[in-house]
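Me: I'm new to this one and would like a close look at a single part. Could you take me through the place where the ligand sits?
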Amino acid sequence: MGGPLDLLLTRRSVGRVRPDPIPRTLVEEVLHAATMAPNHHLTQPWRFIVIAGNGRRAIGAAHAAAVARGRPDAPPATLEREAARLERAPVVVACVVTGGSQDPVRAREDRDAVAAAVQNLLLAAHALGLAAMWRTGTMVDEPEVRTALGLGGDASIVAFVYLGWAATVPAGRERRPLGDVVEWRDR
Ligand SMILES: Cc1cc2nc3c(=O)[nH]c(=O)nc-3n(C[C@H](O)[C@H](O)[C@H](O)COP(=O)(O)O)c2cc1C
């Protein structure tokens with residue numbers, strides 16, 4: 001600890017956050033960092049939809065409608081829990097890739113760029129003392145959620161990033177040793 005890589009090495013996905021609001025300027029700082037991600041041809045395919053306050057319930061309700069469509073017998077308590085899903089954090093950022101290029105290479109690279117932007121976002125949040133968590137789950141593909149977010153057919157949701165002030169930070173999740181995942185070809 002105390003080295004130049006500390007910021008990267010200490011980032012954790014933090015699911016439990018306090019409900020206290022996040023100043024808009026802070027959210028804008030992390031989004032600015034997100035847009036500085038590398039991006040082939042600088043297509044800037046990312047869009048960020050900041051969901052906060054009552055906006056969280058609107059998207060949550062769309063998600064609950066999707067759940068109800070798939071499970072018509074779902075009890076009201078289940079649907080209420082699903083509707084409240086985004087309220088686990090004061091701010092949720094939907095990170096979207098737009099453009100839907102017909103060129104498969106461009107489409108893949110655009111999505112990769114958005115994933116890089118999401119990681120920038122997570123690291124920027126950590127640098128500013130915010131907790132963050134990248135979530136996907138079924139919500140990213142639900143037509144009800146897509147409609148509620150106003151997404152066209154050429155857009156895909158890469159992440160819902162939950163942002164807040166950490167309640168508890170989980171212990172580090174160990175990675176496999178480098179020897180398992182790195183191969184050197186130097187002779
Ligand atoms: C594409 C992607 C989707 C993820 N979706 C979820 C999710 O839906 N729910 C969740 O709890 N964590 C999700 N995560 C976070 C991972 O669970 C987390 O990064 C992993 O457990 C490693 O923990 P760490 O980020 O604290 O190192 C996702 C991460 C990525 C990259």
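Me: How many Å is an oxygen atom of the ligand from an N or O atom in the side chain of S13?

Reply: That distance is 2.5 Å. A bit of background before we go on: this is a predicted model, in which local features need pLDDT of at least 70 and side-chain atom pairs count only at pLDDT 80 or more, while totals for chains, interfaces and linings use all residues. Residues are numbered from 1 along each chain as its sequence is written, and side-chain values use heavy atoms, with hydrogens and water left out.

Back to the ligand. On its own the ligand would expose 620 Å², and the protein buries 60% of that (areas by the Shrake-Rupley method with a 1.4 Å probe).

Who else is around? The residues around the ligand (those with a heavy atom within 4 Å of it) are R11, R12, S13, M133, W134, R135, T136, G137, R173 and R175. Sorted by class, that shell has five charged, three polar and two nonpolar residues. Here Asp, Glu, Lys and Arg count as charged, Ala, Val, Leu, Ile, Met, Phe, Trp, Tyr, Cys and Pro as nonpolar, and the others, Gly among them, as polar.

Notes
Polar contact = N/O pair within 3.5 Å; in protein donor to acceptor, adjacent residues only side chain to side chain.
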